[in-house]
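Here's a quick tour to read with the model open beside you. We'll go through a sheet, then the domains, then a pocket.

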Amino acid sequence: MSLTLSEQLKREQLSYPQTLLHHLQRLRHFVTVEGEEKLQQWKNLIEKENFQPSTRNLAYYLALRQEDIRDLQLALMPWGLSSLGRIESKVLPTLDAVIATLGAVCHQEASLLPKHPPLEAFFQGDQLLASHSAEVFGLPSPRRRVRIMVTMPTEAATDPDFIAQLLRCGMDCIRINCAHDGPKEWQGMIENLREAVKNPENLVNGHTCKVYMDLAGPKIRLEEILAPQSQTRLYQGDFLLLTTQPPHTAHPQYFQANCSQPEIIPQIPVGAKVWIDDGHIGAEVIAIMPEGLLLKITHAREKGEKLKADKGLNFPDTVLNIDPLTAKDRQDLDFIAENADIIGYSFVQKASDIETLQLELQSRLGDAWRQKAIVAKIETPLAVKNLPELIIHAAGKQPFGVMIARGDLAVEIGYQRLAEIQEEILWLCEAAHIPVIWATQVLENLVKKSIPSRAEITDAAMAERAECVMLNKGEYIREAVTILDDVLQRMQSHQAKKTPQLRALHSWV
């Protein structure tokens, strides 16, 4: 990469230790002032004493990331100092250590420098993350840090050995998706788990297994579909009328389908993008009609796409004003509050959504609601933007985690941005010492077809930077848990969050 003359001069000036020290001291001042201002906004929301240090670190991290410090990082490297690239869990100790060391190099008067932090300051963030993760998922396996969560199929309710086998393969947490089955099946799954953990031979990890239950949330879907006569597939350039009511009469030109959440139809403007069936079909709103929205299909395979009922709808350009808790969710919460260790919260987007769920739990559990863990599923651009506030409102009061719901999130933000946003969520949660669940299509080919793709093995290896990995259900789920358990054990000796672990490379020595 070639640099302009001004960029070269800037980097040369930064290479002088006195100049570099001045920039670092200015940065530290900005981080503490801005961070303390943010803390003042949050202080009345933090009721958990052990989340106070995490709140301060998150506030300082958000202040730090307002600045572009790439030139500073490069200038620090020749001096053998931390380049600040792994600062997430320990913002102020890292800055203070670098400034104190560089100040000694410059023979700066000690009274003008921060004291070099004690050793324990560099590990407090890791310890808090481990503690907060244990509050949500229980203690980790002695053989690996990252937990494995498995989505339960209906058979788990009736086959007592199904869960026992998964425990022996390395499962740490069961996931019950409340969009499927019902209280009878959910109860059967939980009872089979409780029986399985009574047998020490099933607990190869030496600890118990948590119950995670996912609220279905206001998933927006297609319901009844009516195609034009003699047409079975949608092609690019075709039209779809998205209606508030079920269609009754076929239209000679338009496909028609009603929406499961008709109240969102008036919120969608002309020009808005719409994605259908996890992004397989793309469309744009071209007109607002009395019946609903007229969409023009912009993305479809050459051979066309079949439009099917119950497929999801995403509106990435539109901030939808929609209650994250449906009537069904509130009914399901009666069971979930009593039986789940962890509650997965779908379509959570803003701080008031967190408060809504907390009030629902309080009405069912009294003061005990504070012991119930919740996990916010991050699946929209608004949820990404509001993530710091979601963390503060939730983790300030109860055990809390974040799920990177990569399915809907990819459709909402665009596949090309998924890797970038995934990284940013991981960094932000590490700064807040909050556990993360790596979810959606992990080892999907292996789970369903018994043979993994090369790419998904790499994806599973990268999941070591989270605190939990979620697998979906499939015929070969036992094999998938076994392989994931092995991959995660191997990777933890090479990587811890963003930090490489330089284990001896026995392949070449």
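Seven strands make an open sheet with mixed pairing, in the order S4-S6-S5-S9-S8-S7-S10. At its edges sit strand S4 (222-226) and strand S10 (313-314), each of which pairs on one side only. Keep in mind that this is a predicted model: local features need pLDDT of at least 70, side-chain atom pairs count only at pLDDT 80 or more, and totals for chains, interfaces and linings use all residues. Residues are numbered from 1 along each chain as its sequence is written, and side-chain values use heavy atoms, with hydrogens and water left out.

**Inside the sheet**

- A word on terms: strands (E, at least two residues) and helices (H or I, at least four) are DSSP runs numbered from the N terminus, and two strands pair if DSSP finds at least two bridges between them.
- Strand S5 (residues 239-243) and strand S6 (residues 255-259) run parallel, joined by 4 bridges; here Leu242 stands opposite Ala257 in S6.
- Strand S7 (residues 273-276) pairs with strand S8 (residues 281-288) in the antiparallel sense, over 4 bridges, and Ile276 faces Ile281 of S8 as its opposite residue.
- The S7 and S8 hairpin has 4 residues between the strands, and Asp277 takes a positive phi near 60° there.
- S8 also pairs with strand S9 (residues 292-299), again antiparallel, over 6 bridges.
- The hairpin that joins S8 to S9 runs through 3 residues, and Ala287 has Leu294 in S9 as its bridge partner.

**Domains**

- The domain assignment (bounds from an automatic or database source) gives domain 1 (5-117), domain 2 (132-218 + 323-499) and domain 3 (221-314).
- Taken over C-alpha atoms, the centres of domain 1 and domain 2 are 34 Å apart.
- Contact, meaning heavy atoms within 4.5 Å, links 19 residues of domain 1 with 22 residues of domain 2.
- Between them, domain 1 and domain 2 bury about 1900 Å², 59% of it on carbon and sulfur atoms. Leu45, Lys48 and Phe51 supply 29% of the area that domain 1 buries against domain 2, more than any other three residues.
- Buried area here is the accessible area (1.4 Å probe) that two parts lose on being put together, summed over both.

**The second largest pocket**

- Its volume is about 700 Å³, counted as the space filled by probe spheres set on grid points joined across faces, edges and corners.
- A pocket is an open set of points on a 1 Å grid over the protein atoms alone, where a 1.4 Å probe fits, with protein on both sides within 12 Å along at least five of seven lines; lining residues have an atom within 4 Å of a point.
- Of the 30 lining residues, Lys90, Asp126, Glu430, Ala496 and Thr499 are the closest to the centre.
- Why does this pocket lie between domain 1 and domain 2? Both domains give residues to its lining, so it lies between them.
- Helix H6 (124-137) and strand S16 (495-496) each supply at least two lining residues, and H6 gives the most, with 4 residues.
- By type, the lining divides into 9 nonpolar, 10 polar and 11 charged residues. Nonpolar covers Ala, Val, Leu, Ile, Met, Phe, Trp, Tyr, Cys and Pro, charged covers Asp, Glu, Lys and Arg, and the others, Gly among them, count as polar.
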